[in-house]
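Hi,

Here is the structure I promised to pass on. Have a look at it first, and my notes on what turned up follow below.

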Amino acid sequence: MGKLLAVTIIVISLIIFFDRIKYLTPSSPAPGMINSAAICRETEAQKKISAFRHLINLSPVCYFKNIVWESTLRDQLIKMTKAAPGDWAIVVEDLESGIRVNLNENAIFYAASLSKIPILMTVYSQIKTGLIRPEDSVVYLEMDFESGSGSLQYAPVGEAYSVRELAGRMIRESDNVAKNMLLRKVGYSSVRQLLELNKANATELTNNTSTAADVSLLLKIIYSESRKGDPYANEMVDFLSTTVFHDRLPNLLPDEIQVAHKIGTWGETGSFHDCGIIYGRNPYLLCILSQGTASAEAQSAISQISG
């Protein structure tokens, strides 16, 4: 009992010491007890950014508070998804601290238009290495036609578009024709190679399936390269941030919050997804996949989880 008490006192002393060192500045008042509750507390305005936002101050006191936050958030996600029909997979990750929570992240889902993310990455990988140029022209062939989302399905066959314009349409409008034209340009095997190189091995293009873990991984790669100032990654983030789809992740978030995201929709399997980077006070990743649910219910659930 005596040893346990001594260890406990040492741990508490270290927590207080490092907490004070972390936040002590030359202009600080005389050393005293740091109000860790105030340090870790969010303002009401910060809380409005998202239900997932939390102040990540990596002093020991705040770190231990975030262990509680992780457990609480996971419990909340379980309750929210149980209240909605179908199967769900969710990944939440604070991109500054690396704190991460997931539910069923390795479960296989029909990907729908989430598969356009690795195609986009392959396009810009080939641009970066000089295999293709953004200005290269691709002609719309009959074999490229696909109904569904996007405006190019109404365009005349034989029209030519630049690689950059097709990439923008594929993401902003989720254009299926643009996807097929770009896939023909870069090659199916190249997309497969990119997935393998980045260890997104659960994603399969032939039957269009993926996992929340794989989609999150790819988005983190884009985000990381963008943070380094890579112009090609920045262009991808711009496309993802200016989509015409606002009824899921961005729906209940303040208008000033940038959301770089990609939706996926396939009614036949009840698949309604949205995965993206939310540029709040600290950027964070949120990826939500659903299957076996209805459109309105999925949109409502995703919006509530995000906002």
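**Helix α5 and its two neighbours**

Let's start with a helix pair: the axes of α5 and helix α9 (residues 212-227) come within 10 Å and cross at roughly 35°. Before you read on, please keep in mind that this is a predicted model. The crossing of α5 past α9 is left-handed. If you want to click through the contact, α5 brings Ile 117, Pro 118, Met 121 and Lys 128, while α9 brings Val 215, Leu 218, Leu 219, Ile 221, Ile 222 and Glu 225. Sorted by class, the contact of α5 with α9 has 8 nonpolar residues and 2 charged ones, with no polar residue.

α5 also has a contact with another helix. α5 (residues 116-129) packs with helix α6 (residues 163-172) at an angle of about 160°, the axes being 10 Å apart. That angle is why α5 counts as roughly antiparallel to α6. Here, too, α5 makes a left-handed crossing. On the α5 side you will find Lys 116, Ile 119, Leu 120, Val 123, Tyr 124 and Ile 127; they meet Val 163, Arg 164, Ala 167, Met 170 and Ile 171 of α6. The contact of α5 with α6 comes to 9 nonpolar and 2 charged residues, again with no polar one.

**The sheet**

Next, the strands. An open sheet is built from 5 strands in the order β2-β1-β9-β8-β7, with antiparallel pairing. Which strands stand at the edges? They are β2 (100-103) and β7 (258-266), and each has a single partner strand, so one side of each is left without a neighbour in the sheet. From one strand to the next, the twist averages 5°.

With β9 (residues 284-291), β1 (residues 87-94) pairs in the antiparallel sense over 8 bridges. With β2, β1 also pairs antiparallel, over 4 bridges. Val 92 shows up in both pairings: its bridge partner in β9 is Leu 286, and its bridge partner in β2 is Val 101. β1 is mostly covered, with 7 of its 8 residues buried. β1 and β2 form a hairpin with 5 residues between the strands, where Gly 98 takes a positive phi near 85°.

One of the pairs to look at is Gly 264, whose bridge partner in β8 is His 273. β7 and β8 form a hairpin as well, with 4 residues between them, and Gly 270 in the turn has a positive phi of about 60°.

Gly 270 comes back in the surroundings of Thr 293. Thr 293 is found in the loop between β9 and α11 (295-306). Is Thr 293 buried or exposed? Its relative accessibility is 10%, so Thr 293 counts as buried. Leaving aside residues up to four places away in sequence, Thr 293 touches Pro 85, Gly 270, Phe 272 and Ala 298. Thr 293 and Gly 270 are 23 residues apart along the chain, yet their C-alpha atoms are separated by 4.8 Å.

**Two asparagines with positive phi**

Asn 104 is not a glycine, yet it has a positive phi of about 55°. Asn 104 sits in the loop between β2 and β3 (109-110), and its relative accessibility of 47% is why it counts as partly exposed. Asn 208 likewise has a positive phi of about 55° without being a glycine. The loop that holds Asn 208 runs between α8 (188-197) and β6 (209-210). At 14% relative accessibility, though, Asn 208 counts as buried.

**The chain overall**

Finally, a few totals. The protein chain has 11 helices and 9 strands. Of its 307 residues, 48% count as buried. Among contacts in the chain with a separation of 6 or more, 60% are between residues 24 or more positions apart.

Over to you, and do write back with any questions.

Key. Residues are numbered from 1 along each chain as its sequence is written. This is a predicted model: local features need pLDDT of at least 70, side-chain atom pairs count only at pLDDT 80 or more; totals for chains, interfaces and linings use all residues. Side-chain values use heavy atoms; hydrogens and water are left out. Axes are lines fitted to C-alpha atoms, for helices over the stretch in contact, and angles run from 0 to 180 degrees between N-to-C directions. Angles under 35 degrees count as roughly parallel, over 145 as roughly antiparallel, 65 to 115 as roughly perpendicular and the rest as oblique. A crossing is left-handed if the near helix is turned anticlockwise from the far one by less than a right angle, and right-handed if clockwise. Contact means heavy atoms within 4.5 Å. Ala, Val, Leu, Ile, Met, Phe, Trp, Tyr, Cys and Pro count as nonpolar, Asp, Glu, Lys and Arg as charged, and the others, Gly among them, as polar. Two strands pair if DSSP finds at least two bridges between them. Buried means under 20% relative accessible area, exposed over 50%, partly exposed in between (1.4 Å probe, protein chains only).
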